[in-house]
Amino acid sequence: MAELPVSMKKILLQAADVAKFVGKTLSYFVKPPFEVKEILKQCFAVGYRSLFLIGFTSFIAGVVFTRQSRPSLASFGAESWLPSLVSQAVVRALGPLITALICAGKLGSNISAELGSMRVSEQIDAMEVSGVRPFSYLVSSRVIATTVMLPILVIYADLIALFGSYVTVNSINGSSLSLFINEALGSITYLDIFSSIIKAILFGYAIGVIGCYTGYYATGGTMGVGKAANSAVVTSMLSIFIIELIVLQFVTFLRQG
Amino acid sequence: MKTETIPTLPSVGESETVVKIRNLNKSFGERAVLKDLSIDLRQGENLVVIGKSGAGKSVLIKCLVRLIEPDSGEINVLGFDVPRLDVKQLRELRLQVGFSFQGSALYDSMTVRENLEFPLRRNLGITNQEELNQAVEESLADVGLSHTIEQYPTELSGGMKKRIGIARTLILKPKIMLYDEPTAGLDPITSGEINDLIVKFRDKYNTSSIIITHDISSARATGDRIVALLEGTIKMEGTFDEMKLTKDPELAQFFNY
Ligand SMILES: Nc1ncnc2c1ncn2[C@@H]1O[C@H](COP(=O)(O)OP(=O)(O)O)[C@@H](O)[C@H]1O
Ligand SMILES: [Mg+2]
């Protein structure tokens with residue numbers, strides 16, 4: 001067999017490494033013992049770190065989207081469709097995307113830097129020699145936390161964005177909250193909600209795994225920690241869009257079928 | 001609590017060799033770091049390994065507790081055939097071998113108390129708070145830092161962190177201690193304190209230690225026997241005074257301080 005070029009070999013080895021890491025995190029979802037205390041702590045940290053930022057951006061997104069769509073709907077005389085248009089956009093795309101991007105920036109870098117600095121200062125080695133499995137203590141607790149929390153954060157983002165939209169609609173034509181809710185919810189299907197949750201789970205898992213992988217294998221001192229955090233953000237943002245596309249294909253298929 | 005007996009090799013009791021390394025090899029990529037290295041550690045002695053930075057000193061002691069997997073060679077620690085241990089045996093081994101990391105590797109997110117409790121809870125499964133308190137207080141008193149118990153590592157000086165790192169390791173009463181550059185980056189007075197601790201613990205707990213250093217005054221203060229790690233293998237061995245008379249130009253550099 002011909003020798004593979006060195007760079008090619010490196011990429012393949014890295015890919016095998018990543019696959020092993022992903023497999024291991026998946027197996028730890030079902031393999032006891034669970035680090036229950038660590039998992040709860042991480043869930044809390046995930047929510048706490050991102051709640052404000054997600055709320056703030058979702059509210060603005062709701063306001064902006066509503067105001068921007070109103071003129072074109074009005075020109076068709078279809079202004080009353082505004083709540084259902086906004087709610088579909090929020091639930092299907094905006095809510096999950098905003099949440100995931102914020103979390104990629106906020107949590108991805110945080111997880112990666114945290115584990116990276118533990119790696120380069122030998123804290124992970126110290127755990128390993130003191131009889132702890134650092135993988136389940138550090139990695140799987142974080143991956144489980146992001147995977148579980150993202151759907152919750154997405155629902156929260158959806159609600160805030162819709163609230164932002166209601167405030168906008170109300171300030172224009174004074175329509176009541178109950179009417180807005182009726183129209184907004186009326187246009188959302190179970191498939192919308194289901195696919196949004198699935199997407200959120202995949203986003204959360206991707207952010208957790210990428211943050212942990214880059215941090216856990218950080219090398220090269222403090223410089224390496226910075227690099228790890230940076231690549232965590234870039235890689236998870238890219239993968240969010242890829243997941244978005246793949247799920248979109250599935251959902252479109254289901255809608256037609 | 002565990003009451004299992006620890007398997008010992010017949011050879012250990014007789015010759016009182018607690019660590020036996022034969023023909024150890026380790027490369028990273030193209031770079032051979034350890035080449036056919038052989039070394040013994042005897043019961044109750046302080047063995048100092050000197051060598052310049054990058055010589056492979058840390059790699060050597062990390063191989064002893066499987067933080068690094070060697071490529072080939074025999075490693076026997078307290079009767080454990082290190083390269084061929086299963087998960088359970090590895091745990092038992094690590095329980096008896098304390099590792100003091102170069103950067104002290106204290107867990108940043110935990111107080112000094114929690115740092116010291118960690119190996120007790122995790123390794124020995126102790127949950128009784130009174131028992132934990134007693135062990136933590138004794139261990140801190142040993143290193144003269146009882147007053148730091150509620151502080152976080154970032155609030156401590158380098159020397160204090162080192163001592164607490166050592167206390168965290170000694171809290172499990174290991175039979176063997178591995179010190180990775182215990183005095184690196186410390187002023188002479190603080191270095192002297194650490195040297196005194198190392199000698200004190202050998203006398204108090206009858207531990208056998210490997211002390212990695214490039215600090216020649218620390219080698220003199222702590223070492224019963226000194227070996228030099230040059231070009232990936234053990235080049236010379238003797239007491240401090242014997243080593244000092246060396247004709248080897250590279251080794252002589254260490255002593256011309
Ligand atoms: N995990 C690793 N991956 C690649 N190279 C390593 C690794 N650990 C150590 N090395 C290399 O091995 C050599 C010896 O390192 P080390 O044992 O840390 O030196 P020191 O004697 O200063 O403790 C260095 O050249 C280092 O770059
Ligand atoms: Mg070193």
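**Domains, ligand shell and chain interface**

Q: How is chain B divided?
A: In this predicted model, chain B is split into domain 1, covering 1-96 + 174-257, and domain 2, covering 98-173.

Q: What area do they bury between them?
A: The two domains of chain B bury about 2200 Å² between them, with 62% of that area on carbon and sulfur atoms.

Q: Which residues of domain 1 lose the most area there?
A: They are B:Leu95, B:Pro174 and B:Tyr205, which together account for 24% of what the domain 1 side of chain B buries against domain 2 of chain B.

Q: Turning to ligand 1, which residues are around it?
A: The shell consists of B:Phe28, B:Arg31 and B:Val33, together with B:Lys52, B:Ser53, B:Gly54, B:Ala55, B:Gly56, B:Lys57, B:Ser58 and B:Val59.

Q: What is the make-up of that shell by class?
A: Four residues around ligand 1 are nonpolar, four are polar and three are charged.

Q: Which helix or strand supplies the largest share?
A: That is α2(B), with three residues of the shell around ligand 1. Both α2 (57-64) and β2 (31-42) of chain B supply at least two residues each.

Q: Which atoms of B:Arg31, B:Lys57 and B:Ser58 lie by the oxygen atoms of ligand 1?
A: For B:Ser58, a polar side-chain atom lies 2.7 Å from an oxygen atom of ligand 1. B:Lys57 places a backbone N or O atom 2.8 Å from a ligand 1 oxygen atom, and B:Arg31 has a polar side-chain atom 2.9 Å from an oxygen atom of ligand 1.

Q: What percentage of the ligand's accessible area does the protein cover?
A: On its own, ligand 1 has 550 Å² of accessible area, and the protein covers 59% of it.

Q: Now the chains: how many residues of A and B are in contact?
A: Chain A contributes 14 residues in contact with 19 residues of chain B.

Q: How much area is buried there, and which residues of chain A lose the most?
A: Chain A and chain B bury about 1500 Å² between them, 53% of it on carbon and sulfur atoms. In chain A, A:Glu122, A:Gln123 and A:Val129 lose the most area to chain B, together 38% of what the chain A side buries.

Terms used: Residues are numbered from 1 along each chain as its sequence is written. Chains are lettered from A and ligands numbered from 1 in the order in which they are written. This is a predicted model: local features need pLDDT of at least 70, side-chain atom pairs count only at pLDDT 80 or more; totals for chains, interfaces and linings use all residues. Side-chain values use heavy atoms; hydrogens and water are left out. A residue is near a molecule or strand if one of its heavy atoms lies within 4 Å of it. A polar contact is a pair of N or O atoms within 3.5 Å; within protein, one must be able to donate a hydrogen and the other to accept it, and residues adjacent in sequence count only if both atoms are side-chain atoms. Accessible areas come from the Shrake-Rupley method with a 1.4 Å probe; for residues, only the protein chains shown count as cover. Helices (H or I, at least four residues) and strands (E, at least two) are DSSP runs, numbered from the N terminus. Ala, Val, Leu, Ile, Met, Phe, Trp, Tyr, Cys and Pro count as nonpolar, Asp, Glu, Lys and Arg as charged, and the others, Gly among them, as polar. Domain bounds come from an automatic or database domain assignment. Buried area is the accessible area (1.4 Å probe) that two parts lose on being put together, summed over both. Contact means heavy atoms within 4.5 Å.
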